[in-house]
Amino acid sequence: MPHPFTTLASVPVDPVRARVHEEGWQSWSPSGAYTLGDKPYRPTNDNWATVCYRPGVTVPEGAFQGEGLLALDPGDGSPVRLWAAPDPLREVPSIRLIVEGSVAEVLADGPVKEFTGTDIQSVLAEWAAGLGVETPRPAPTVWCSWYEYFTEVTEDDIHENLRAMDTLDLPVDVVQIDDGYQKALGDWLTLSGRFRSRAGIADAIRARGRRAGIWTAPFLVDPASDLAAQHPDWLVEDLDGGFLHAGRNWGHDLCVLDTTHPEAAQYLGSVFRTLVSEGYDYFKVDFLYAGALAGVRHSSADPLTAYRSGIELIREAIGEEAYLLGCGAPLLPSIGLFDAMRVSPDTAPHRRPEADDYSQPGQDPAEFTGAARQWQHGRLWVNDPDCLMARPAVETRERWAAHVAATGGLMASSDRLLSLDQWGVETTRRLLGGDVR
């Protein structure tokens with residue numbers, strides 16, 4: 001049952017100069033600062049509300065709302081005020097702001113502590129620094145298959161780009177195979193017909209002096225997968241006894257793996273231990289929101305506890321030395337678990353997102369939310385602004401490259417390298433080499 005909202009403060013504001021920062025629930029949820037007259041970005045359909053925003057949470061028309069964090073610059077010269085979850089690993093209240101005339105009413109549906117500062121980004125950074133998270137280790141440079149090949153990537157594509165890295169003298173530490181190598185979500189160790197040997201391609205990557213990386217969506221299960229057919233008891237149920245619906249993607253509905261089930265947990269651990277044994281030591285784990293969805297699990301663990309224990313299971317399986325990048329993750333409950341974190345929606349070869357929904361792929365939403373979460377970088381994790389795309393076919397590639405460079409975060413290329421022109425090669429080499437001027 002949701003808790004009722006209670007009033008925290010009534011704050012005088014300058015209706016023209018005031019700014020409100022909303023912190024979205026997960027990586028892809030829009031986050032950023034608005035004027036009081038702006039209309040904040042909201043989901044444009046129910047599926048995206050589940051997959052990209054905080055599921056089950058709606059915001060009244062005309063209200064601002066942050067999930068666990070909301071900051072207000074009153075605009076009248078008085079201090080910036082931040083309302084924040086005191087224990088974000090276990091409880092993330094929704095914090096709401098409603099403006100009436102020149103007064104902002106701030107409410108929350110759970111415990112909140114208040115902080116003050118000189119500007120929005122600095123007060124958020126000070127809050128993050130106070131959590132005592134260890135300074136994250138530097139990120140490796142990465143080439144990722146996703147934004148060129150998407151789910152149609154083949155083993156031969158990986159080999160071609162491996163050769164091109166040498167030919168073009170690109171400083172790539174990690175070659176990361178993205179979605180498309182596996183038969184189905186959940187059947188992570190069964191190859192699609194486009195790959196011959198997962199261990200073999202890892203060996204080829206390492207033979208060229210680079211590290212092997214791989215993508216999974218560890219909490220998602222395709223209802224048509226072998227896992228779902230053979231082990232339906234490993235899936236999270238809804239309150240009516242059916243499978244919990246985690247939204248729709250890849251053209252079908254999605255189920256959720258119950259990592260509180262001992263056999264499901266053993267299976268997931270064995271997947272990652274197998275990948276480590278095959279030579280992979282960089283792991284992008286995606287669509288992590290699913291692990292924190294409310295549902296009926298084998299244990300009585302609440303959703304955030306179940307989520308954190310699932311990530312801890314993965315970390316134990318891959319070992320402390322492996323690099324772990326989260327994506328599509330509920331952000332505040334992820335503190336302390338990851339080396340790097342995607343802090344924005346996906347980018348894309350185009351600027352505008354579908355239906356103008358700022359949780360969807362596009363350079364505009366990736367820049368909007370990525371810039372607003374710059375305060376997280378180096379304090380909670382290494383920020384992942386998403387991949388550089390420098391090929392000529394990418395819309396406003398110069399502007400996107402400048403955004404990636406400005407973050408100072410994880411640097412990853414995602415082009416077919418032989419498609420790059422001179423500008424694309426030079427820009428890719430410069431950013432991967434650490435020169436972000």
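1. Basis. The model is predicted: local features need pLDDT of at least 70, side-chain atom pairs count only at pLDDT 80 or more, and totals for chains, interfaces and linings use all residues. Residues are numbered from 1 along each chain as its sequence is written, and side-chain values use heavy atoms, with hydrogens and water left out.

2. Largest pocket. Its volume is about 1,100 Å³. A pocket here is an open set of points on a 1 Å grid over the protein atoms alone, with protein on both sides within 12 Å along at least five of seven lines; lining residues have an atom within 4 Å of a point. Grid points are joined across faces, edges and corners, and a volume is the space filled by probe spheres set on the points.

3. Pocket lining. Strand β7 (94–100) and helix α8 (303–318) each supply at least two lining residues. Helices (H or I, at least four residues) and strands (E, at least two) are DSSP runs, numbered from the N terminus. The lining splits into 17 nonpolar, ten polar and eight charged residues. Ala, Val, Leu, Ile, Met, Phe, Trp, Tyr, Cys and Pro count as nonpolar, Asp, Glu, Lys and Arg as charged, and the others, Gly among them, as polar.

4. Cavities. The whole structure has two cavities of 30 Å³ or more. A cavity is a set of grid points where a 1.4 Å probe fits but cannot get out. The largest cavity has a volume of about 70 Å³. Its lining includes Val 142, Cys 144, Tyr 282, Lys 284 and Cys 387. Both β10 and β19 give two or more residues to that lining. By class it holds seven nonpolar, one polar and four charged residues. The second largest cavity has a volume of about 30 Å³. Among the residues lining the second largest cavity are Phe 219, Asp 258, Arg 297 and Ala 306. That lining divides into four nonpolar, two polar and two charged residues.

5. Arg 54 and Glu 67. The model has 31 salt bridges (a side-chain nitrogen of Lys or Arg within 4 Å of a carboxyl oxygen of Asp or Glu). In one of them, Arg 54 pairs with Glu 67, and the closest N and O atoms are 2.8 Å apart. Arg 54 sits in the loop between α1 (46–52) and β4 (64–67), Glu 67 in strand β4, and the two are 13 residues apart. Arg 54 is buried at 18% relative accessible area, and Glu 67 is buried at 7%. Buried means under 20%, exposed over 50%, partly exposed in between (1.4 Å probe, protein chains only).

6. Asp 166 and Arg 210. This salt bridge also has its closest N and O atoms 2.8 Å apart. It links helix α4 (residues 155–167), which holds Asp 166, to the loop between α5 (198–207) and β14 (211–216), which holds Arg 210; the pair is 44 residues apart. Asp 166 is partly exposed at 36%, whereas Arg 210 is buried at 10%.

7. Arg 351 and Glu 367. Their closest N and O atoms are 3.0 Å apart in a salt bridge. Arg 351 lies in the loop between β21 (340–342) and α9 (363–372) and Glu 367 lies in helix α9, so the bridge ties together parts 16 residues apart in sequence. Both residues are buried.

8. Cysteines. There are zero disulfides (a pair of cysteine sulfur atoms within 2.5 Å). Cys 144 is buried at 2%. For Cys 52, the closest cysteine sulfur is 10 Å away, in Cys 327, again too far. Cys 52 is buried at 5%.

9. Two buried polar side chains. Glu 278 lies in the loop between α7 (262–277) and β19 (280–285) and is buried at 16%. Its side chain makes a polar contact of 2.7 Å with that of Arg 198. A polar contact is a pair of N or O atoms within 3.5 Å; within protein, one must be able to donate a hydrogen and the other to accept it, and residues adjacent in sequence count only if both atoms are side-chain atoms. Ser 145 is in the loop between β10 (142–144) and α3 (146–149) and is buried at 0%. The Ser 145 side chain reaches the backbone nitrogen of Asp 178 at 2.9 Å.
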